[in-house]
Amino acid sequence: MTLPCCTIDGEYFQPFKLEGEDADRWISSAGPGLKRIEFLVPQANRPEAMAQIETDLPALDGVDSARVNLTGRRVAVIYREGEIEPQALIDRLGVLGYMARPFDPRETGLTKDDREGGRLLRALAVAGFAASNVMLLSVSVWSGAEDATRDLFHWLSAMIALPAVAYAGRPFFYSAVNALRLGRVNMDVPISLGVLLASLMSLFQTINGEEHAYFDASVTLLFFLLAGRYLDHLMRARARSAIAQLVSLSSEGATVIAADGSRRYVPAREIKAGMTVAVAAGDRLPADGLVSEGISDMDRSLLTGESAPEAVRPGSAVHAGELNLTAPITVEVMAAGNDTFLSELVRLMSAAEQGQSRYIQIADRLARFYSPAVHTLAAATLTGWLVLGMGWHASIMAAVAVLIITCPCALGLAVPAVQVVASGRLFRSGVMIKDGAALEKLSGVDTVIFDKTGTLTKGEPQLVSPLMVSTETLTLAAGLARASKHPLSQALVREAAKRGLTPLTVTDIAEHPGLGLSGLYQGEKLRLGSRAWCGLEESPEDKGLLEFAFRRGANTPAVFQFEDALRPEAAETVARLKQMGLAVHLLSGDREAAVSRVAAAVAIDTAVSRASPQAKLAYVDALSKAGKKVLMVGDGINDAPALAAGYTSMAPSSASDIGRTAAETVWMGESAAAVAEAVKVARRTQRIAKENFALAVGYNVLAVPLAMAGLVSPLVAAIAMSTSSIIVIANALRVGLGEAPRATAPGAKSGEADTARLRRAA
C-alpha cells in the first residue's frame with residue numbers, strides 16, 4: 001500500500017519507516033503483555049483529529065487504547081504485544097492523513113518550533129503591513145475618490161494585497177488543500193475560500209473599473225486570523241518543552257567498572273541493571289541504584305523538591321538525574337533506561353498532559369460546526385440567487401458576502417482579546433499567563449494546593465538563632481562556610497555580609513561528605529556541620545528548623561538554627577483564597593515538623609508531609625476524580641507531574657526551569673499575593689469572555705440573514721466583520737477597568753509580619 005504524503009506549513013513529509021533494532025528504543029512496557037509507543041503527529045492539533053484518531057486506532061485488532069495530546073501534537077498508543085506491529089500504527093495514521101513518526105523526548109522540537117513560529121510571524125507582519133496600507137487607500141475611496149483616482153487607488157490596493165494574500169495566506173491554504181485532498185473539510189477551507197474569492201472578485205471589479213473592491217477585507221481578515229494562530233503556536237511550543245527539559249537531566253553516559261576492575265565509558269542507553277558505575281563529583285547519575293562505595297552529598301531536589309543536599313553512603317538508594325555534589329561514589333545499577341525514576345517522571349508528565357488535553361476551549365467546540373454551516377449558507381445563497389435569475393456576478397457577490405460576514409474573527413477574538421487585556425493587568429501585578437486556557441481554568445477552580453519550600457516559603461534558609469552570637473564566632477563560622485556550596489553554609493555567609501562583617505581567613509579547609517567542614521584558625525581546630533560532627537547529641541525534639549553546629553577547639557559548640565522564611569503576604573493570600581470560597585491544602589515532601597509549622601503559620605488545616613512526586617500526583621488525581629478543580633501551586637522538579645495534572649497550575653519565577661515550564665501561570669517577585677490576584681482577575685475575565693461569545697453569536701444571527709438576502713455587499717460585510725471584532729475588543733478592555741491591580745512587590749512590613757507568624761508557630 002502506498003501511503004499519501006503531505007505538506008505541512010510548506011514542508012513536504014514522507015511516511016516514516018520503523019525498521020530493525022532501532023524500533024526497540026521507542027517502545028516501553030505498559031503492563032503484562034502490553035507495550036506503549038508514542039508518535040509525533042504534527043497535524044493532530046484540532047478537536048476533529050482527536051475524535052478521529054481515538055476512534056479509528058482502537059478499532060484495529062491488537063490496539064488497547066489511543067490518546068491524543070493536542071498541545072504536544074502527540075499520540076500515545078498501548079497495544080498487545082505480538083498482535084500488531086508499531087509500523088502498522090504509523091501506516092494507519094498515514095491512511096487517515098496524519099504523518100507520524102516515533103516521538104523522542106530528547107528531541108526538543110525547538111528548532112522546528114522556531115521555524116514554524118518564524119513563518120507565522122513573517123506572515124503576520126506582511127498581513128499587518130498590507131492591511132494598514134490598503135485600509136488607508138480604502139478610506140480615500142470611501143471619502144469620495146472617483147473615476148481615475150478611484151481606479152488608481154484600487155490598483156495600488158491590488159498591488160499590495162494580492163502578493164500579501166499569496167504569502168500570508170499560506171498556513172491556511174496549505175491546510176485547506178491537504179484537508180480537501182484527503183476528503184475532509186476543516187475550518188481553514190471556508191477561510192481560504194472567503195479570502196480567495198474576495199481577492200479575485202476585487203481584482204475583477206478593479207479590472208472592470210467598478211465602484212467597489214474588497215482587498216481590505218481579505219488582508220484584514222488574514223491579519224486577525226494569523227494573530228490568533230501565532231498566539232496558539234506560542235502556547236503549544238511552551239507546553240512541548242517541559243518533557244524535554246526533564247529528559248535533559250539524564251546523563252549522556254557513565255564509566256562502567258567491569259568485574260576485573262577495568263573501566264570504560266558507555267552511552268546511557270547501553271547501561272543495564274547489574275552493572276557497576278563510577279559517578280564523579282559534579283556528575284548526574286545515569287541510572288537508579290544503590291551506593292556501593294563512597295560517601296557524598298546528593299542534590300535530590302528531583303525527588304524531594306528540597307534544596308538542602310542529602311548525605312548518601314553505602315546502601316543508600318539513588319536515582320537517575322540526581323546530582324552528586326562533593327565526592328566520587330560507586331553505584332550498583334538496579335534500573336536503567338525506561339525503568340528509571342526519571343523516565344517514570346517523564347511518563348507521569350506525559351500522562352498528565354494528555355489528561356489535560358481533553359479540555360477543549362469554547363471556540364474550538366464552536367469551530368467544529370463552523371465549516372459545514374458556512375459552506376451550507378454560502379452554497380444556499382449562491383443557488384438561491386441563481387434560481388431567482390439574478391446572474392452569476394450578483395450571486396457570487398452575495399455568497400462572498402456570506403463567507404466574509406460569517407468569518408470567525410469575532411468568535412476567534414472573543415477569548416484571546418480578553419486574555420490579552422487580562423494578561424496585561426496581571427502583568428502589572430507581577431503575573432504572567434503562559435497558556436491561553438489558564439485564565440478560563442483559574443476562574444473555575446475550587447481547591448488550591450500549595451507546595452511548601454519555595455512556594456509558600458522563600459526556599460532560602462536564614463539564621464534565626466542565636467541572633468546574639470558573638471562577632472568572632474560568626475566571622476569564624478562564615479570563614480569556614482564560604483568554602484562550601486551547602487545552603488546552610490551560604491546562609492551563614494549571607495548573615496555575616498548582612499551585618500557588615502568580613503569572614504576570617506581559615507586554612508586547611510576540608511569537606512567531609514555527609515558530615516561537614518573542618519579547618520584551622522591560628523592553630524585551633526574548627527568544625528562546622530552536623531551535631532554529631534561537632535560532638536553534640538541529636539536534639540530530642542524536631543521543631544521544623546534546620547541546624548548547623550560550630551565547634552572551636554575544645555570550646556562548647558554553638559548551634560546555628562535556620563528557618564525557611566514565609567513569602568510576604570503568604571498568610572493573607574491563604575485568607576483571601578478562603579474568602580473566595582476555595583479549599584486550601586499544603587502538600588510537601590519535607591518532614592512533618594517543618595510542614596506542620598508552616599501550615600499553622602498560614603492557617604492551612606489540611607497538610608500532608610513527606611509526599612513523593614508520585615504521592616503528589618496521586619493526591620491531585622484523587623481530588624480531581626472527586627470532582628474538584630485543583631489549582632496546583634509548586635516550584636520544584638518533583639512538583640512537575642502534579643502541576644501538569646492539576647486543572648490548572650502556578651509557579652513562582654524562582655522555580656526550577658521544569659517547574660516554570662509545567663505551570664500555566666508564573667508570578668514574579670517574592671509575594672504570594674499574586675495567587676489570589678490571579679484567581680480574582682480570572683473570574684472577571686471569564687464573565688467578560690462569555691459576554692463576548694454572546695455578542696459574537698448575536699452578531700452572526702443578525703448579520704447572516706441580511707447577507708443571504710443580498711442586503712450586504714462584500715464591502716459592508718468586511719466593515720461589519722471588523723465592527724464585530726472592535727465591539728468584542730472594546731468589551732474586553734473592561735477587564736482592565738475597576739480596582740487597581742494589587743501590588744506583589746515584597747513589602748518589609750508584610751515580610752516581617754509573616755516571619756513573626758512563622759516563629760510563633762514553632
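**Entry 1: the sheet**

I started with an open sheet of six strands, ordered E9-E8-E10-E16-E11-E14 and paired in the antiparallel sense. Strands here are DSSP E runs of at least two residues, helices are H or I runs of at least four, and both are numbered from the N terminus. Two strands pair if DSSP finds at least two bridges between them. The edges are strand E9 (263–267) and strand E14 (317–318); each has a single partner strand, so one side of each is left without a neighbour in the sheet. I then looked at strand E8 (residues 253–257), which pairs with E9 over five antiparallel bridges. Opposite Arg-264 in E9 I found Val-256.

A note on the source: this is a predicted model, where local features need pLDDT of at least 70, side-chain atom pairs count only at pLDDT 80 or more, and totals for chains, interfaces and linings use all residues. Residues are numbered from 1 along each chain as its sequence is written, and side-chain values use heavy atoms, with hydrogens and water left out.

**Entry 2: the cores**

Next I looked up nonpolar cores, meaning sets of buried Ala, Val, Leu, Ile, Met, Phe, Trp, Tyr and Cys residues joined through side-chain atoms within 4.5 Å. Buried is under 20% relative accessible area, exposed is over 50%, and partly exposed is in between (1.4 Å probe, protein chains only). The largest core has 42 residues, and Phe-450, Leu-577, Ile-604 and Leu-631 touch the most other members. Helix H22 (residues 673–708) gives the most to this core, with nine residues. Apart from this core lies another, of 24 residues, including Val-134, Val-195, Ala-213 and Leu-222.

Which residues does Ile-604 touch, not counting those up to four places away in sequence? My list reads Phe-450, Leu-456, Val-574, Lys-578, Val-584, His-585, Leu-586 and Ala-599, with contact taken as heavy atoms within 4.5 Å.

I also checked helix H18 (residues 592–602), whose buried residues are Ala-594, Val-595, Arg-597, Val-598, Ala-599, Ala-601 and Val-602. Just after H18, Ala-603 takes a positive phi of about 65 degrees.

**Entry 3: the salt bridges**

I found 12 salt bridges in the structure, each a side-chain nitrogen of Lys or Arg within 4 Å of a carboxyl oxygen of Asp or Glu.

- Arg-576 and Glu-677 form one, their closest N and O atoms being 3.7 Å apart. This pair links distant parts of the chain, Arg-576 in helix H17 (residues 570–579) and Glu-677 in helix H22, 101 residues apart. I noted both Arg-576 and Glu-677 as buried.
- Glu-547 and Arg-531 meet at 2.7 Å, N to O. Glu-547 is in strand E23 (residues 546–552) and Arg-531 in the loop between strand E22 (524–529) and E23, 16 residues apart. Glu-547 is partly exposed at 25% relative accessible area, whereas Arg-531 is buried at 17%.
- Glu-83 and Arg-80 meet at 3.1 Å, N to O. Arg-80 is partly exposed, at 29% relative accessibility. Asp-64 joins Arg-80 and Glu-83 in a network of salt bridges.

**Entry 4: the rings**

How many aromatic pairs does the structure hold? I got zero, where a pair needs ring centres of Phe, Tyr or Trp (its six-membered ring) within 6.5 Å, with planes under 30 degrees apart counted as stacked, over 60 as edge-to-face and the rest as tilted.

I then looked for charges over rings, with NZ of Lys or CZ of Arg within 6 Å of the ring centre and within 35 degrees of the ring normal. Arg-527 lies over the face of Trp-533, 3.8 Å from the ring centre. The charged end of Arg-170 sits over the ring of Tyr-167, at 4.6 Å from its centre.
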